[in-house]
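Hi there,

As promised, I am handing over the two-chain model we talked about. Please have it open while you read, and my notes follow below.

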Amino acid sequence: MKKLIFFLITLCFALVSCTKEKTDYEAEIDTVVTDHFEFKEAVAFNTEGYNISIEALNGTFYKGYNEIRLKITNIQTNEDADASVVTFLPITVNAVGNKVSCPHLHELAYQPDENYFSGYAVFTSESNIDSIWELYISFRISNQAYKVKQIITVQEQTNKNLNMTSFTGNDDEQYFITLVSPQKPKIAENVLVAGIYRFNQPTNPPSGDFPDPSQFSYTEVSDYTLQLDPRMPEPSMGNHSSPNNKDLIQQSNGLYYGVVNYTMTGNWTLNFIMLNQRGQILKGTVVPTDFTPGVEGIKSELHIDILF
Amino acid sequence: MKKLGIIFGTLFLGINANAQNMQAQHDTTQRIEEVKIIAIAKKKIESEMKMTVSVDEFLASSDKISFIKRGAYAWEPLLNNMSTERSTITIDGMHVFGACTDKMDPITSYVESNNLATIDIKSGQEGSLHGATVAGSIDLKRKSTPFGLERIWSGAYQTGFETNNKQFFNLGNLSYSSDQFVVDGSISFRKAGNYYDGNNDEVNHSQYSKFNTSLGLAYKTSPLSSVRIDAIYDRAKDVGFPALPMDLWLSRAIITSASYKQLFKKGLVKVWDTKLYFNAIEHYMDDTKRPENLVHMDMPGWSNTYGLVSRANLKHGNYSSEIQLNVYDNLSIAEMTMYPQDRSKKTMFAYSWPWVTTRFAGASINNSWDFSEMSQVNFGGSLGWNYNRSKYVEFNWIFYPGTPQEKNRVLPALYTNYQLHINQFNFSVGTGYGHRAPSASEGYGYYIYNSFDRYDYIGNPDLKNEISYEANASAGFKNEKMGIEAKVNYFHIQNYIVGRILSLGSPMNYQSVGVKGYTSLNHAKLFNATLNGNYDVLQHLHWKGTLMYARATDDDGGNLPFIRPLSYHTSLHFMHRKFNFQTSMNGDFAHKNYSPEYGETLSRAYRIWNISVDYTFKFKNYRATLQIGAENLFNAYYSTYADWGNIPRMGRNIFTSLKFDF
């Protein structure tokens, strides 16, 4: 009797174990995308007795949006230097040999609590033999101006959720849209954060020592609207979309916030239409909303592909 | 015929309550014996046409049950024309929940006729003993051999072949009974190929194979107490669902329980029976055999339930009562992983049940009071607590932003019924009130593709309880030669849950045309009526007939789907020596009140004719019965109102079977 019961219990356990393993949903999302929370030193260099350290997420500059934190320390005293008017200017050489920059915050903002200067850069390409990125940094300490130049490495952004795009709008201005968040989307409502930048066409010829910041000026555009229509482009998904998405509008920190719902993992296209303050379309086309199984989804002329 | 009378009597009149009373009366023998009626019921799982039937075929012989059929296997039983969410389907009071989001695995598909003793069907709130319900309850009662039978070993073996779909089956069961120890075991195999419709066309993807085995061990711990452990293992493999865009690769269920039973010689409480149970179900679909599918999708589902059911039977004079405590916890998980044509690309993943937990705890009571020789009153009710939690609630937030992750509901139920017997006439009237909570799919389902109306369904966690107000009545006359009985019931259901087209979102599944969300109608009304008659034409020639009618409308007066049109069933049974001849005819009238909104089209009237003959002989201690018969004798081509996707039903099917009893 006892043996039999023991046998039965063993049998039960053997049978209860599943035939197919359940999908580890959390791991499923993790494998494709790792999110980076930690600021680490991406580059450090010395000039005239001062050490300049620039931190970025994961200690790496990526193509696309990079939040940066810059610290200046006195090498001798190993204390934070009392620097002011810290400027930051990334420069690269484009395909036709011109020196160009990318959207960035030129004069970094001092964060007294943490004692660093914060800013951002939206690198438009990865570093390679033909395209080297250099940072031009200047600051003042005790009324003395310092200038320094440093080559950095910009790496490919493998996380497609932080993709970017650049284009010329109907107003002939050059625009950049970069995804800032979510790094790791969920099958859920995700707050979608993007930066929208415009290149300010220089009105005067360059003057002074290179680089003349007025030639490389970018601004966060204000009070634009980025209309959003997320869809799955795979033919088998038939132009599938999701409900309850919200267009992106600007918040006080200059970035644009909206809501995107992803209904499942996979490839998604964020179809955008960008409107200026007056509601005029600067870029983007309305995409079909029909469910068309077997046909690859038509994308807006302004879109960013993501994957998770 | 008498036997049939008992079958139908037990099934439809809800004599089960009385059965419990009988059990109490047997206590005086100071032996633990299962109720006599269950011993008799051993031979009950057969229909009047066929002696070896599947559970589905057996259920189909009840006039309260209709079926949604997606193929030849695993039919979804509708009780009082209401879908399975509205009824509680239990195995010996144990809750089991299917693991398939597309309802390809109703609980009835996880048992086999040779491990069941009987099926107890109760209509409406009278079925609230096992938990909150609207439509009623279906309790599949397993075989349970009494202690100390004269015959220590008993058993049966059945085998047979059906020509239409080349179904071959072998069913065996064996019982051992001593004064201390009882063993019940059963094993069954069924395998069938594709069936052919009335035009002799093969219905592709309608094959199935099923293996089922069960074992029960009971040990008498004292003259008045016993323990019992039971297990059922069921495996279905390679099951085609012609009406769906996918088939079943494998489904497995392990259903286990351990119970303790105590009888009392004196006092109010006569029996106390407590059972702990656990069951695990896994269900894996397979769409690789359907070339029409553009996208390959894996859709595994799992459902694990553990629970407790504890019951006490009380009796005092002509008052008897049954009190039951039900507690269970279920976790339902269903996934979908889509593979793009370019398999090297990333797959697409989502949960269709995002780890939905359902917990229920409730106490129920059934009372019966024979306050005069002519009249009896039954009344009872239940009070339950239902808790739901969605682990990955972010899936639900896509359509219902900010909806809470957990939800508690209180589910009350009440009913009363008065029965009057005057000479050969009997009458009853009753009323009921009850709530039910939305099912896992209705509450938390996510893009569940319904191939009938071709919509993707989204659950709504904020749905209100469905509230049923019910009235029922019956009148009958019976004498030695004939009987006639009319029964009606009417349900007014508030917050009736249906799928309504959502203006939001777009379909995810390749075949679907849109998205529907489960929403509550203000109310819906359902009416069911049946008329049964029987007449003994000669001593050995008996006639029986049933006429059924149902009508259901939503708050706009529109038709609800899957409501049986006017239908009939009539049969003749003739006995001659050791031969039995049966013939029956059944059919539906045209389904005029169909619901285009839910994807229904007009189903035309049909009539099918069945015939069978069997011969019983004895040798030594064995009793053998040989049966041959034909279903749909004239090979009618038809499809009923409840055939998913209007797939045609089986054409002429000649069946043979042989049964040994000892």
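This is a predicted model: local features need pLDDT of at least 70, side-chain atom pairs count only at pLDDT 80 or more; totals for chains, interfaces and linings use all residues.

B:I91 sits opposite B:M94, a residue of strand 4 of chain B. Strand 3 of chain B and strand 4 (residues 94-95) of chain B run antiparallel and are joined by two bridges. Together the two strands make a hairpin with two residues between them, and B:D92 in that turn has a positive phi of about 50°.

On its other pairing, strand 3 of chain B meets strand 6 (residues 136-142) of chain B in the parallel sense, over five bridges. Within that pair, B:T88 stands opposite B:S137. These strands belong to an open sheet of four strands in chain B, in the order 4-3-6-5 and with mixed pairing. Strand 4 and strand 5 (116-123) of chain B are at the edges with a single partner strand each, so one side of each has no neighbour in the sheet.

Is strand 3 of chain B enclosed by the rest of the structure, or is it left open? Five of the five residues of this strand (residues 87-91) are buried, so strand 3 is largely enclosed. Both of its faces are covered: B:S87, B:I89 and B:I91 are buried on one side, and B:T88 and B:T90 are buried on the other.

Strand 29 (residues 567-576) and strand 30 (residues 579-588) of chain B pair in the antiparallel sense over ten bridges. B:H576 is set opposite B:F579 of strand 30. Two residues lie between the strands of this hairpin, and B:R577 in the turn has a positive phi of about 50°. Strand 30 of chain B is also joined by ten bridges to strand 31 (residues 606-619) of chain B, and these two run antiparallel. There, B:M585 stands opposite B:W609 of strand 31.

Now to chain A, which is divided into domain 1 (39-155) and domain 2 (160-307). The C-alpha centres of the two domains of chain A are 26 Å apart. Their contact takes 13 residues from domain 1 of chain A and 13 residues from domain 2 of chain A. On the domain 1 side, strand 4 (64-74) and strand 6 (83-93) of chain A are the elements that give two or more residues. Strand 6 of chain A gives the most to that side, with three residues. By class, the domain 1 side has seven nonpolar, six polar and no charged residues.

What about the nonpolar core? As background, nonpolar side chains in soluble globular proteins tend to be buried together. The largest nonpolar core in this model has 175 residues, and A:L70, A:V122, A:A194 and A:I196 are those with the most contacts inside it. This core draws at least three residues from each of domain 1 and domain 2 of chain A. If you click on A:V122, its contacts beyond four places in sequence include A:G64, A:Y65, A:C102, A:M164, A:F176 and A:Y197. Another core, of five residues, lies apart from the largest one, and among its members are B:A132, B:L411, B:A413 and B:A437.

Where do the chains meet? 35 residues of chain A are in contact with 38 residues of chain B. Helix 1 (2-16) and helix 2 (25-32) of chain A are the elements that give two or more residues to the chain A side. Helix 1 of chain A gives the most to that side, with four residues. By class, the chain A side has 15 nonpolar, 14 polar and six charged residues.

Is A:S242 buried or exposed? A:S242 has 23 C-beta neighbours inside 10 Å, and 20 or more count as buried, so A:S242 is buried. Leaving out residues up to four places away in sequence, A:S242 touches A:P230, A:N261, A:Y262 and A:T263, as well as B:I398 and B:G505 of chain B. The C-alpha atoms of A:S242 and A:M232 are separated by 9.3 Å, with the two residues ten apart along the chain.

Key:
Residues are numbered from 1 along each chain as its sequence is written. Chains are lettered from A and ligands numbered from 1 in the order in which they are written. A residue is buried if 20 or more other C-beta atoms lie within 10 Å of its own, exposed if 12 or fewer, and partly exposed in between; C-beta atoms are placed from the backbone. Two strands pair if DSSP finds at least two bridges between them. Two residues are in contact if their C-beta atoms, placed from the backbone, lie within 7 Å. Ala, Val, Leu, Ile, Met, Phe, Trp, Tyr, Cys and Pro count as nonpolar, Asp, Glu, Lys and Arg as charged, and the others, Gly among them, as polar. A nonpolar core is a set of buried Ala, Val, Leu, Ile, Met, Phe, Trp, Tyr and Cys residues joined through C-beta atoms within 7 Å. Domain bounds come from an automatic or database domain assignment.
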